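Reader: I am new to this structure. Could you walk me through its features, one at a time?

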Amino acid sequence: MTSNSAARMTFGENVIAFNLSLDFPEKLPPGIGVMNPFRENNCAIAACEAFYGKYYDDHNQRFIILGINPGRFGAGITGVPFTDPKRLKEKCGIVIPACPPAHEPSSEFVYAVIAACGGPGQFYRKWYINSLCPLGFTRMGKQGKPINYNYYDSAELARLATPFIVRTLWEQIGFGIERRACICLGTGKNAQFLEKLNQEHGFFRKIIPVEHPRYIMQYKKPELAVYIDRYREAFAEAIQEQGIDRTAQ
């Protein structure tokens, strides 16, 4: 896709085309599999087209929120980051018969944040969510079933994923992403990895880390309101950050 053609397309059309083009080009380490919902199930393409057609059918600029990589029960099914089939139906009003029932705790928290920000319609006009690595990975667990595997869980996978991460992040910035600030989901390894890449490539003026939804739901659920407020404060900080020249790369 050329930059001129990307500029003519709506934000949502750019995201859909980007998602459908995703392919991890490297040979993975032994025992690690790539998770590409747009090639593996009948739910993701339909859900992606409906979601981005509903909320991103415009040419607005948006701030980006970056997670780690897609989880099996959220974007690994729907193709929409931090949106499991339950939230897709109940919170977004999008029913895709091909989507199996699934619940992702991270999605539950993210949609609590979205509700506190005025609901999906208002939130998605300003914000675009994806993952630093837009495709997920799995390995076989002790029960003989695949489990999530983060891009940074092995040095070799992180090395292999880095060119893919850099290329796909620049592609998404081209959709109309504000480069004043980026929200990073995860205050540990994901933030450290993104900060290092940002120092090398200059994606954003500022990286603002917040605790990852999975961590909050697993360890801090009684303090949910505290973390929702923390997210809202991070969003306000991003919006207030002074601008930079978006053409500089």
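Author: Let us begin with one residue. Phe82 is buried, with a relative accessible area of 8%. Buried means under 20% relative accessible area, exposed means over 50%, and partly exposed lies in between (1.4 Å probe, protein chains only). Phe82 sits in the loop between helix H5 (75-78) and H6. Helices (H or I, at least four residues) and strands (E, at least two) are DSSP runs, numbered from the N terminus. Although Phe82 is not a glycine, its phi is positive, at about 55 degrees.

Reader: What should I know about the model itself?

Author: This is a predicted model: local features need pLDDT of at least 70, side-chain atom pairs count only at pLDDT 80 or more, and totals for chains, interfaces and linings use all residues. Residues are numbered from 1 along each chain as its sequence is written, and side-chain values use heavy atoms, with hydrogens and water left out.

Reader: How many disulfides does the structure hold?

Author: A disulfide is a pair of cysteine sulfur atoms within 2.5 Å. The structure holds one. Cys43 is joined to Cys99, with 1.8 Å from S to S. The link of Cys43 and Cys99 is right-handed, with 70 degrees about the S-S bond.

Reader: Which parts does the pair of Cys43 and Cys99 tie together?

Author: Cys43 lies in the loop between helix H3 (37-40) and helix H4 (44-55). Cys99 lies in the loop between helix H6 (85-90) and helix H7 (105-116). The pair therefore ties together parts that are 56 residues apart in sequence. Both Cys43 and Cys99 are buried.

Reader: What about Cys92 and its nearest cysteine sulfur?

Author: Cys92 is in no disulfide. Its nearest cysteine sulfur is that of Cys99, 12 Å away. Cys92 is buried, at a relative accessible area of 1%. Cys117 is in no disulfide either. For Cys117, the nearest cysteine sulfur is that of Cys92, 14 Å away. Cys117 counts as buried, at 18% relative accessibility.

Reader: How many aromatic pairs are there?

Author: Rings of Phe, Tyr and Trp (its six-membered ring) pair if their centres lie within 6.5 Å; planes under 30 degrees apart count as stacked, over 60 as edge-to-face and the rest as tilted. The structure holds 27 such pairs. One of them is Phe11 with Phe175, which is edge-to-face: 6.0 Å centre to centre, with 75 degrees between the planes. Phe11 lies in helix H2 (residues 11-21), and Phe175 in the loop between helix H9 (155-173) and strand S6 (177-185), so the pair ties together parts that are 164 residues apart in sequence. Phe11 and Phe175 are buried.

Reader: Which type of pair do Tyr55 and Tyr124 form?

Author: Tyr55 and Tyr124 form a tilted pair, 5.2 Å centre to centre and 50 degrees between the planes. Tyr55 is in helix H4 and Tyr124 in the loop between helix H8 (120-123) and strand S3 (127-131), so this pair ties together parts that are 69 residues apart in sequence. Both Tyr55 and Tyr124 are buried.

Reader: What sits over the ring of Phe11?

Author: A charge sits over a ring if NZ of Lys or CZ of Arg is within 6 Å of the ring centre and within 35 degrees of the ring normal. Here the charged end of Arg62 sits over the ring of Phe11, 4.8 Å from its centre.

Reader: Now the sheets. How do strands pair in general?

Author: Strands of a sheet pair through backbone hydrogen bonds, either parallel or antiparallel. Two strands count as paired if DSSP finds at least two bridges between them. S1 and strand S4 (residues 136-140) pair over four bridges. Val34 stands opposite Phe137 in S4.

Reader: Which open sheet has parallel pairing?

Author: That is the open sheet of four strands, in the order S3-S2-S6-S7. Its edge strands are S3 and strand S7 (207-210), and each pairs on one side only. Strand S2 (residues 62-67) and S3 pair in the parallel sense over five bridges. Leu66 stands opposite Asn130 in S3.
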